[in-house]
Amino acid sequence: MQLELRHLQAVCQIAEAGSLGGAARRLGVSQPALSAQLRRIERVTGGELFVRGRSGVEPTPLGQFVLAKARRVLTEMETLGAETRAMATDTPLRLGCILLVLIDGLLARTDLTLSGRELTVDVEHSVTALVRMLGAGRYDVIVYGEVNDHEVALPPGVLAKTLVPKEPFCIRMSTRHPLAGREVLDLADLAEEQWMTLVEDDDGGPEALVAACAKAGFVPSLRYRITDRQMRHDLVAAGRAISLTQPTAPAVAGTVMRPLLGTPVTGRIRIAWNRSAVSARQAELLYRAAAGAYLANVDNNPFHRTWWDAHPEAHPALD
């Protein structure tokens, strides 16, 4: 038997997972099958690659040597795949995203044409689905959000970079709302409101809203869950609900946006890509295009511009 890339991937997965069971789940095989494969690999390498430790399996000195070589080979192959795919200009770069405000601006920008690649975009309403399809190769790149401390687990072979580490969510309400004249809203004053439920339910948003409301002394009435943006705006303008919204959202007739006292709910925007499909240059081009799209929306609401200027640590890393 000769070592193949799949054998090197198995060795790396065992080391990263710290156990055969964890590695088997990542690889989508049974633990006995992975154990048998490891024994065959060890016969080729000439000795044990892992031993059981207190916290799982640990690489032997031989295992550490094989791991170092395996990681180098796999990285080179991923780079080769990404660079050759980037050169194939007739192959579109597949982007998946949730319905973030910056997406509208991203689609209108032409930064990616510098790479000679066509861009296709699909909008999903589930971060979990986005990540799963990225891992399965359905998407090459995804742009997604996380709320408060929630962190999305990414599959192997994926790199990620934070675009906006923090943005304070605000409230959209009808211009006829009794509180619409306030410059800042206290969440406790919204206890009797009907809320528009967040479209994404697996980015930490619903939990963050419920936790923030609980801290303010009430349980929010989550009445509507609507994916159509115009319908959501119409219901808010009619005074039938209020919604938690990104601070970069544009003005909508019949509604106003107001920041929340103490910024109890914050968002984070990230970009992730498959190393085997996207080159470092492609990833940087997309990152800069997305950053430009976000920055173009900062002035949509004066209160966010004030907050943004006071928090340079929240700005995209463009140096």
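How are α2 and α3 oriented to each other? In this predicted model, in which local features need pLDDT of at least 70, side-chain atom pairs count only at pLDDT 80 or more, and totals for chains, interfaces and linings use all residues, residues are numbered from 1 along each chain as its sequence is written. Side-chain values use heavy atoms, with hydrogens and water left out. Helices (H or I, at least four residues) and strands (E, at least two) are DSSP runs, numbered from the N terminus.

Helix α2 (residues 20-27) packs with α3 at an angle of about 105 degrees, the axes being 9 Å apart, and α2 and α3 are therefore roughly perpendicular to each other. Axes are lines fitted to C-alpha atoms, for helices over the stretch in contact, and angles run from 0 to 180 degrees between N-to-C directions; angles under 35 degrees count as roughly parallel, over 145 as roughly antiparallel, 65 to 115 as roughly perpendicular and the rest as oblique.

The crossing of α1 and α3 is left-handed, a term used if the near helix is turned anticlockwise from the far one by less than a right angle, with right-handed used if clockwise. From α1, the residues R6, H7, A10, V11 and I14 meet L34, Q37, L38 and I41 in α3. L8, which lies in helix α1, is buried, with a relative accessible area of 12%; buried means under 20% relative accessible area, exposed over 50%, and partly exposed in between (1.4 Å probe, protein chains only). Leaving aside neighbours within four places in sequence, L8 is in contact with A70, V73 and L74.

Five strands form an open sheet of mixed pairing in the order β9-β8-β10-β7-β11, with β9 (221-224) and β11 (255-259) as edge strands that each pair on one side only. Two strands pair if DSSP finds at least two bridges between them. Neighbouring strands of this sheet are turned by 40 degrees against each other on average, direction ignored. Strand β7 (residues 170-174) runs antiparallel to β11, to which five bridges join β7, and S174 has T255 in β11 as its bridge partner. Helix α8 (residues 229-237) packs on the sheet, touching β7, β8 (194-196), β9, β10 (242-245) and β11, and the direction of α8 makes about 65 degrees with that of β7.

Strand β10 is joined to β7 by three bridges in the antiparallel sense, with L244 in β10 as the bridge partner of I171, whereas β8 and β10 pair in the parallel sense over two bridges, W195 standing opposite I242 in β10. Both faces of β10 are covered, I242 and L244 on one side and S243 and T245 on the other all being buried.

In helix α10 (residues 302-310), the buried residues are H304, W307 and W308. These cover an arc of only 100 degrees around the axis, which puts them on the same side of α10; the arc is that of the directions from the helix axis to the C-beta atoms. On the other side of α10, P302, T306 and A310 are exposed, while the buried residues of α10 pack against β6 (158-168) and α9 (280-295).

Notes: Contact means heavy atoms within 4.5 Å.
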